[in-house]
Amino acid sequence: MDAAVEIADLVKTYGARTAISGISLRVEPGEILALLGPNGAGKTTTIEICEGFRTADSGSVRILGLDPIADATALRPRVGVMLQDGVGGYNAAKAGELLGLFASYAAYPQDCAALLDAVGLGDAAEVPVKRLSGGQRQRLSLALALVGRPELVFLDEPTAGMDPHARRSAWELLESMRADGVTIVLTTHYLDEAERLADSVVVMDGGRIAARGTLAELTSAGAEGQVRFKAPPGLALRGLTDALPLGSAAIEESSGRYLVSGVVDPQLLAALTAWCAGQGVFAEGLAVERRSLEDVFLALTAGSAARS
Amino acid sequence: MTRTAPSGSMRHNPDAGPRMDFTPKPAAAPLRKMVLSQAAMEFRLIIRNGEQVALTLIVPLLLLVFFNLPMLYSLSDRRIDFVVPSILALGIMSSAFTGLAIGTGFERKYLVLKRLGATALPRAALVGGKTLAILLLEVVQATLICALGFALGWHPHGNPLLAVLLLVLGTLAFGGLGMLVAGTLRAEVVLAVANLVWLVLMFCGGIALPLSRFPDGVADVLRLLPSAALSEGLHRILQDGSRPGWGVLITLVIWSVGGLAAAARFFRWE
Ligand SMILES: Nc1ncnc2c1ncn2[C@@H]1O[C@H](COP(=O)(O)OP(=O)(O)O)[C@@H](O)[C@H]1O
Ligand SMILES: [Mg+2]
């Protein structure tokens, strides 16, 4: 079976700047692939080359076995697209009208009212696009990508600007799409989004692929971490540091806000809570913090530097 | 369309509506359907846009009344018989050039055209939809202009079908130029250029002032403008009851072919 997306040795430069330096990747039909990376990593460039908006300098790109530019007419009905830079729809059109217009391009469109409901815009059908909030625009943009029943969708930062609630329902939507056999390529800054959704993750940095695999694979190596909690200010932290496993550290970041760093494992948490209990301190909002994307990058680049 | 019942409560978000069926079934709609819905959308957007309505409907009607007042200059013939064909030509320029250029220029700026390029809508269908919307706008416009003209005592002559043919030719000529401007300049520049050209052509392009008022040499050059050809043709038919003349037709055809070809060649979609 053809890969849904197959990229080999892709290179793209803008003048003197190299945006993509020779990446290869493969998206299997029916999977969710997340392209993770900081701003400027080359995610949008990669996706827009797949969508046929930009041309590569070299390398090959096959979308559903076809060429994104030469076979655009055949591909467009099959591929749903969500641009990074907004809805890209008529500003003066109402949300429902715009969705209806996009539905009219498809032979078997989704029911527009049901789709608006599904993205949480059921009440906003009559609202002009220009009056929608940022998060609402993102949801409309998602609906526009889906209305034609595509088999493959490219979503560039689909949940940027959404509130946490909307984000969660977007995730559920994407999960039901996967369950129904839609292939999804999305870009994101959020590790939790990739963790929740992605079957595979490709971490891009500076136009290269810094790492790929499942998120667990990516974050398991060297699981440094952080725990934050709130407690009365001025705790004697030396005792805590002594109680914690070797290599851990505790500081009071600001008055009453504490940060423990080290290898966050059950032993560390047990030691921390035992010490708090011993002090008669209630550690409020105790939270194990995820490593941020930047942390993953630091680990990745440190690892490759040590090997070379 | 199937709406399945919400699946397991873990997956179902009560605010997210019923579980949709996303099973892929991609196919483009028939071309005719796309063109018609595109045209309907574009027409609704024009009618909803106050500036477009002012430019294409209200201003021409106001100018019809204004130019009919014997203030600016005197005419030997019945004034209204000169003014109505002029305003019909002005209307075409408003809709097919200035309005189209500004509308399309901002669609480009706001990435509407880019986004539409990622849908099943072929570019030909997009252009077709725009053309239909402009033609529909022109029908409304010409109806209002003629109605007001009749109310002011207008007596048209000549073959109305010839006049319609000329209006369509004028639409092609100005539409091509409008798309050329919209597709090559920044939206803010399009706005300025499209309005300025409209004004200049109204006064120096044979619409508001007969070209006979310009010095001979100048008039001969101005006659080659699309506005002048359209206006002259309409006056010959509707005012004099004669034919538009080959010069007029050839001029408009050249502008149409040149403008549309240049637009097709140089138009940038994003
Ligand atoms: N149209 C463009 N012209 C010039 N440089 C660009 C253009 N688009 C992107 N770039 C540059 O290419 C690099 C990758 O950008 P982009 O693909 O947008 O990254 P991301 O989506 O991961 O933030 C950045 O350095 C960016 O400045
Ligand atoms: Mg981007």
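**Figure 1. Strand β1 of chain A and its two partners in the predicted model.** Strand β1(A) runs antiparallel to strand β4 (residues 58–63) of chain A, and five bridges join them. A:Val11 has A:Ser58 of β4(A) as its bridge partner. Strand β1 (residues 5–14) of chain A also pairs with strand β2 (residues 17–27) of chain A, antiparallel, over eight bridges. Here A:Glu6 stands opposite A:Arg26 of β2(A). The hairpin of β1(A) and β2(A) has two residues between the strands, and A:Gly15 takes a positive phi near 60 degrees. Strands (E, at least two residues) and helices (H or I, at least four residues) are DSSP runs, numbered from the N terminus. Two strands pair if DSSP finds at least two bridges between them. This is a predicted model: local features need pLDDT of at least 70, side-chain atom pairs count only at pLDDT 80 or more, and totals for chains, interfaces and linings use all residues. Residues are numbered from 1 along each chain as its sequence is written, chains are lettered from A and ligands numbered from 1 in the order in which they are written, and side-chain values use heavy atoms, leaving out hydrogens and water.

**Figure 2. The six-stranded open sheet of chain A.** The strand order is β5-β6-β7-β3-β8-β9, with mixed pairing. β5 (79–82) and β9 (208–213) of chain A stand at the edges with a single partner strand each, so one side of each has no neighbour in the sheet. On average, neighbouring strands of this sheet are turned by 15 degrees against each other, direction ignored. The angles are between lines fitted to C-alpha atoms, for helices over the stretch in contact, and run from 0 to 180 degrees between N-to-C directions. β5(A) runs parallel to strand β6 (residues 152–156) of chain A, joined by four bridges. A:Met82 has A:Leu155 in β6(A) as its bridge partner.

**Figure 3. Salt bridges in chain A.** A salt bridge is a side-chain nitrogen of Lys or Arg within 4 Å of a carboxyl oxygen of Asp or Glu. A:Lys94 and A:Glu126 form one, with the closest N and O atoms 3.6 Å apart. A:Lys94 lies in the loop between β5 and α3 (95–104) of chain A, and A:Glu126 in the loop between α4 (112–118) and α5 (134–146) of chain A, so the pair ties together parts 32 residues apart in sequence. A:Glu175 and A:Arg196 also meet in a salt bridge, at 2.8 Å, N to O. A:Glu175 sits in helix α6 (residues 164–179) of chain A and A:Arg196 in helix α7 (residues 191–197) of chain A. A:Glu6, A:Arg26 and A:Glu28 are linked in a salt-bridge network.

**Figure 4. A buried salt bridge in chain B.** B:Lys130 and B:Glu42 form a salt bridge, with the closest N and O atoms 3.0 Å apart. B:Lys130 lies in helix α5 and B:Glu42 in helix α1 of chain B, so the pair ties together parts 88 residues apart in sequence. B:Lys130 is buried at 6% relative accessible area. B:Glu42 is buried too, at 7%. Buried means under 20% relative accessible area, exposed over 50%, partly exposed in between (1.4 Å probe, protein chains only).

**Figure 5. A nonpolar surface patch on chain B.** The patch is formed by B:Leu36, B:Leu132, B:Leu135, B:Val164, B:Val168, B:Leu172 and B:Leu260, with about 520 Å² of accessible area together. α6(B) gives the most, with three residues. B:Leu36 lies in helix α1 (residues 31–48) of chain B. B:Leu36 is partly exposed at 45% relative accessible area. Patch residues have over 30% relative accessible area and no salt bridge; like charges are joined within 9 Å, nonpolar side chains (Val, Leu, Ile, Met, Phe, Trp, Tyr) within 5 Å. Accessible areas come from the Shrake-Rupley method with a 1.4 Å probe; for residues, only the protein chains shown count as cover.
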